[in-house]
Amino acid sequence: MAEDSDLEKTEPASPRRLEQAREEGDVPRSRELATCTVLLAAGVGFWMLGDGLVARINHMLVSSLSFEREQAFDFNLLVTRLGADIFDLLVGFAPFAALLMIVAVISPLLIGGWLFSGKALQPNFGRLNPMKGLSNLVSAQSGVELLKSIVKTLVVGTVSWLVISSQIESVLALTMDPPKTGGPHLAHLMLTGFLTIVGSLVFIAAIDVPYQLWHYANKLKMTREEVRQEAKESDGDPHIKAKIRQMQREMAKRRMMAEVPTADVVVTNPTHYAVALKYTDGKMRAPKVVAKGSDEVAAKIRELAAEHNVPLLEAPPLARALYTHTDLGDEIPEGLYTAVAEVLAYVFQLRAYKTNGGVRPDVPDDLDVPAQLDPLNPAAQKKTDNGLMQ
């Protein structure tokens, strides 16, 4: 059952899936919305520019039916005059055509946005498969398109019948109008009817747009397996990422262990913690932590220190404070300057003793570690608890 649920498309499309669909030229589109906006723009444009367009058409008709005697016998003059009339008509219709072009270009912004995809222009011979074409004829989408066409026909037909029946008396009255008033009256009736009928398409577009958005989102839904696979491809396989993190920790550990032989001293707990310190006079502002670890790592640090004759000093409070409050490469906290200075002084005296002999220095056993820096000190624990409560 779990495998079946993983194969069902129940998850919304991811941003990557949507981007891939756009690259392939697949975006939500509503033909009803595009048709409605262009037809409405045509009606509104003719309403605003109709007088000028009718005047230019009338001028062209009058000009084409009357010509001078020279033009009747000179074909070139007749062609020149006809070209001038056509050019004048095109100039008159240019604003109307520009309006339609602008609306046709802007209408995709209402749903889906502008899109140019080279993949959509590539030949796809799979579309020529007759079996696929037959399956599309009986698909659910085909049924929806058929139902939409029937509803559109009923709506437009009903509105058209209502418009014509309401204007029948006005249409019959046109036979009584003189030509000068009958023409504008007829144009007004036709434009009013056109805008009313096209306005009915707004109802169809208002239904089609939400459906197209829902259908597009439903079509691009993903299965849980696809979501997991995409996450692996984009973010990387979790197992591989864990392996990489493990390798990075091992590399950091090896680099850290390589610094142990160069340390001046290793402060221990003695078994739980080990912190290696290094200080170069004139080059460092304060001693730095070059290696630290607990349990097994601490044991390895002690082992390497012993192999390379790096002094080991048991100082549990100082070891705990250094381990808790510093990271690799950090300078020691100011509160530990005094304690670490005593340790380094002991180390340098021990070196001098081993080189020159003399009196062996005493191991420092009462280091000044501030109570607030020792994680096991009650004062430090109380301070931590207060901070958490705040």
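1. The model is a predicted one: local features need pLDDT of at least 70, side-chain atom pairs count only at pLDDT 80 or more, and totals for chains, interfaces and linings use all residues. Residues are numbered from 1 along each chain as its sequence is written, and side-chain values use heavy atoms, with hydrogens and water left out.

2. The chain contains 16 helices and six strands; helices (H or I, at least four residues) and strands (E, at least two) are DSSP runs, numbered from the N terminus. Of its 390 residues, 28% count as buried. Buried means under 20% relative accessible area, exposed means over 50%, and partly exposed lies in between (1.4 Å probe, protein chains only). Among the contacts (heavy atoms within 4.5 Å) with a separation of 6 or more, 74% are between residues 24 or more positions apart.

3. A nonpolar core is a set of buried Ala, Val, Leu, Ile, Met, Phe, Trp, Tyr and Cys residues joined through side-chain atoms within 4.5 Å. The largest such core has 23 residues, and Leu277, Leu318, Leu322 and Leu336 have the most contacts inside it. Two or more residues each are given to this core by strand E3 (265-268), strand E4 (273-278), helix H14 (316-325) and helix H15 (337-356). H15 supplies the largest share, seven residues. Apart from this core lies another, of 14 residues, which includes Val260, Ala263, Val290 and Val310.

4. When residues up to four places away in sequence are not counted, Leu318 touches Val267, Leu336, Ala339, Val340, Val343, Leu367 and Val369.

5. Ser30 is placed in the loop between helix H2 (15-23) and helix H3 (31-65). With 6% relative accessibility, Ser30 is buried. Its side chain is joined to that of Asp208 by a polar contact of 2.4 Å. A polar contact is a pair of N or O atoms within 3.5 Å; within protein, one must be able to donate a hydrogen and the other to accept it, and residues adjacent in sequence count only if both atoms are side-chain atoms. Leaving aside neighbours within four places in sequence, Ser30 is in contact with Ile111, Asp208, Val209 and Gln212.

6. Lys253 belongs to helix H12 (residues 238-259) and is partly exposed, at 39% relative accessibility. The C-alpha atoms of Lys253 and Ala291 are separated by 8.8 Å, although the two residues are 38 residues apart along the chain.

7. Most residues other than glycine have a negative phi. Asp295, however, has a positive phi, near 55°; Asp295 lies in the loop between strand E5 (288-294) and helix H13 (296-307) and is partly exposed, at 46% relative accessible area. Asn309 also has a positive phi, near 60°. The place of Asn309 is the loop between H13 and strand E6 (312-314), and Asn309 is exposed, with a relative accessible area of 67%.
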